[in-house]
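Let's take a walk through this model together, looking at how some of its side chains meet. Have the structure open and follow along.

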Amino acid sequence: MVSKDIESLLPRLLSFPPHPAPALPISDTEYDKQIRSIVKILSETSPSQLTGGIANGEDLLDVVDPSINTILYLYSLRAHIGLSTSKQAVGQQSKNLAPNGPLWVKAVKFLKRFDPVQIRYAGNEFVLLVEDMAKSAQSGNQPKAAIKPIRTAILRLDPTGSCFTSSHLVFLRLCLHTRAFAAAKPVLDNNVYEFPSPGKKQSGLLCAQHESSSTFITTEPGLSRKVDYQDPLKYFLFGAMLYIGMKDWERALLFLEITLIWPIANNCSMIQVNAYRRWVLVNLIQNGQVPSDLPKTTNPHAARQFRTLSRAYDGLADIFKEGLDGELAVKRLNAEIHAGAEIWRLEFTTSLVNQIPDAFRRFSIMKLQSTYTALPLCTVTQRTSPDPNDHAETGRYIQSLIASGQLNATLSQPNDNPHSWILRFATSSVSGPQARSEQQMHDELKQEMAHITKLGQHIRNSNRKLALSKEYIEVLKHAMNMGTAEGEGMEPYPGYGFADEIDEDITSDL
């Protein structure tokens with residue numbers, strides 16, 4: 001049945017943005033006005049109109065290009081999803097939105113092709129579509145099917161990935177549930193610097209060029225749901241768990257430390273306690289020891305709670321350290337792991353704990369280089385191997401450490417008899433198989449410079465937002481009324497000099 005109402009609206013809905021684009025670009029003000037007009041029309045159009053047929057019985061979704069008329073396509077798609085869902089019995093999922101169903105195919109097409117500027121004006125509909133796809137995939141026991149489309153949508157909306165959204169959590173949950181560790185990497189590798197602005201607060205026109213994505217990503221009625229204090233904690237803990245699955249220990253530690261230092265109203269959260277337990281284990285695996293102190297900005301009351309609730313993990317770390325510093329056998333470490341098996345199982349850390357014996361063996365070998373420059377393989381076997389008589393296995397293990405870059409040494413093999421093999425440690429970072437050329441070191445320095453320069457830009461943006469916030473202005477007024485000099489702790493534009501100093505220092509070193 002043809003919907004006359006939608007037919008009468010189509011000329012207006014399809015008129016903007018003009019296609020092909022005019023030679024003279026449309027001003028931001030005019031673009032904003034026209035798009036808001038279309039959003040108003042669509043928000044006042046009933047779902048039955050948006051799902052009704054048009055001329056020749058065609059469906060809007062079959063004739064509208066989502067890359068050109070993004071908002072019209074999205075509203076129509078969401079109306080179809082709502083109609084399809086309403087026809088299902090309670091507790092059942094629409095087959096149309098099930099993975100590979102007709103609406104699913106159209107939703108995937110949309111998330112690949114939507115206009116990232118237009119979508120800023122239909123934030124709620126966008127968020128609901130992402131959540132609908134995640135729920136549908138999970139209900140159909142195919143959660144993995146939603147990972148790639150949602151990842152595409154997150155990075156298409158904000159290619160920098162620097163602003164957290166509620167869709168990030170939806171995405172990470174799917175990756176964890178399906179153990180799709182590597183699939184999360186393109187999102188996780190983008191450092192999150194900012195969070196959605198609260199309420200309807202926006203900086204400038206949505207369609208304008210923005211220095212930071214957080215100035216157009218807002219919580220209501222925008223491109224993310226409201227973020228509560230637990231959401232960042234969950235994001236960084238989930239991210240750390242995914243990096244652990246990839247064995248990217250450095251990034252895992254970074255995410256765990258951010259979780260530990262995150263400020264919350266109460267002393268600590270159980271999310272942070274779980275992060276602390278993994279922080280201990282990952283430190284043992286990556287560094288062979290746990291730092292004596294938590295990161296400096298950790299709440300001291302929270303730190304005590306972490307340790308009180310994680311005694312089994314601290315005890316394991318103590319035995320690990322004693323075994324490396326003394327000549328204790330690995331048997332004691334294995335006995336402690338076995339004794340705590342039920343704890344590890346209940347707290348979902350068994351897979352990490354099971355990697356501790358191998359880490360203990362690896363660091364036992366590495367510790368030998370503090371005393372020796374070279375020693376027979378049979379001596380290494382007797383001191384570090386589970387079987388002190390299996391020299392061939394020790395040789396294979398050491399070769400795997402050298403090949404993976406975990407040990408800067410060489411294994412001399414004059415013949416096939418492992419008794420004659422000699423392990424020689426590199427004497428410096430510029431020798432041995434891990435030696436780096438000057439060009440490699442220079443390239444690494446340039447990468448670090450680019451990273452810190454980018455960080456400085458985010459610091460400036462954050463400071464600008466802070467300096468213009470109502471809360472900061474109130475605190476500044478109060479400080480001035482109390483007689484505090486501007487230069488004594490309270491600055492009208494806090495921290496701006498810090499980022500500038502970073503740029504200056506790095507440039508002068510190159």
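A charge counts as sitting over a ring if NZ of Lys or CZ of Arg is within 6 Å of the ring centre and within 35 degrees of the ring normal. What you see is a predicted model, in which local features need pLDDT of at least 70 and side-chain atom pairs count only at pLDDT 80 or more, while totals for chains, interfaces and linings use all residues. Residues are numbered from 1 along each chain as its sequence is written, and side-chain values use heavy atoms, leaving out hydrogens and water.

With that in hand, find arginine 156, which lies over the face of phenylalanine 114 at 5.6 Å from the ring centre. Another arrangement of this kind has arginine 361 over the face of tyrosine 397, 4.0 Å from the ring centre.

Now for rings that meet rings. A pair of aromatic rings is described by the distance of the centres and the angle of the planes. Rings of Phe, Tyr and Trp (its six-membered ring) pair if their centres lie within 6.5 Å; planes under 30 degrees apart are stacked, over 60 edge-to-face, and the rest tilted. By this rule there are 16 aromatic pairs. Tyrosine 73 and phenylalanine 110 are stacked, because their ring centres are 5.8 Å apart and their planes meet at 5°. Tyrosine 73 belongs to helix H5 (residues 70-86) and phenylalanine 110 to helix H6 (residues 102-113), so this pair ties together parts 37 residues apart in sequence. (Helices are DSSP runs of H or I, at least four residues, numbered from the N terminus.) Both tyrosine 73 and phenylalanine 110 are buried, meaning under 20% relative accessible area with a 1.4 Å probe, protein chains only.

Phenylalanine 114 returns here, as it forms an edge-to-face pair with phenylalanine 126, at 5.5 Å between centres and 65° between planes. Phenylalanine 114 sits in the loop between H6 and helix H7 (123-139), and phenylalanine 126 in helix H7, 12 residues apart. Phenylalanine 114 and phenylalanine 126 are both buried. Elsewhere, ring pairs join Phe164, Phe195, Tyr235, Phe236, Tyr243, Phe255 and Trp262 into a cluster.

Finally, turn to helix H21 (residues 391-403), where isoleucine 398 is found. Is isoleucine 398 buried or exposed? Isoleucine 398 counts as buried because its relative accessibility is 0%. Setting aside residues up to four places away in sequence, isoleucine 398 touches Ile365, Leu377, Val380, Leu407 and Leu423, where contact means heavy atoms within 4.5 Å.

Terms used
Helices (H or I, at least four residues) and strands (E, at least two) are DSSP runs, numbered from the N terminus. Buried means under 20% relative accessible area, exposed over 50%, partly exposed in between (1.4 Å probe, protein chains only).
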